[in-house]
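Visitor: Could you take me through this chain, starting with the term that I will need first?

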Amino acid sequence: QVQLVESGGGSVQSGGSLSLSCVASGYRYNNYCMGWFRQAPGKERERVATINTSGSTSYADSVKGRFTISRDNAKNTLYLQMNSLKPEDTAMYYCAGARRLSCANMVVNDWGQGTQVTVTS
């Protein structure tokens, strides 16, 4: 069955860095748009970054210039490098997949279980 498994979350001080990974199994990973979403307590889940099958990326304005999404199709793995972290980045981060090539108007078909990122001031 489809599994998206995240790792790499944790606690870091403001200004620090974290790297998240998501391994996909049972999945035509190379053919799908992938992305990272996050949800803070009391807030709606929001898109952080997406990457399509050609490697084109898109970012939320709040993370542009600080976060980098990438994918390794040979390893069925999605990454999110997060630098210059701020307390407002604190959230549960979810790996997500859309069963289509393009990330335009991404509709998520598959979710990971989430990994917590906490940024302290």
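Guide: A polar contact is a pair of N or O atoms within 3.5 Å; within protein, one must be able to donate a hydrogen and the other to accept it, and residues adjacent in sequence count only if both atoms are side-chain atoms. This is a predicted model, in which local features need pLDDT of at least 70 and side-chain atom pairs count only at pLDDT 80 or more, whereas totals for chains, interfaces and linings use all residues. Residues are numbered from 1 along each chain as its sequence is written, and side-chain values use heavy atoms, with hydrogens and water left out.

Visitor: Which backbone oxygen lies 2.8 Å from a polar atom of the side chain of Thr77?

Guide: Thr77 belongs to strand 8, residues 77-82, where strands are DSSP runs of E with at least two residues, numbered from the N terminus. A polar atom of the Thr77 side chain lies 2.8 Å from a backbone oxygen, and that oxygen belongs to Lys75.

Visitor: Is Thr77 buried or exposed?

Guide: Buried means under 20% relative accessible area, exposed over 50%, and partly exposed in between, with a 1.4 Å probe and protein chains only. Beyond its neighbours within four places in sequence, Thr77 is in contact (heavy atoms within 4.5 Å) with residues including Cys22, Val23 and Tyr29. Because its relative accessibility is 6%, Thr77 counts as buried.

Visitor: How many strands does the protein chain have?

Guide: Read along the sequence, the pattern is β-β-β-β-β-β-β-β-β-β-β. The protein chain has 0 helices, and its strands number 11.

Technical notes:
Helices (H or I, at least four residues) and strands (E, at least two) are DSSP runs, numbered from the N terminus.
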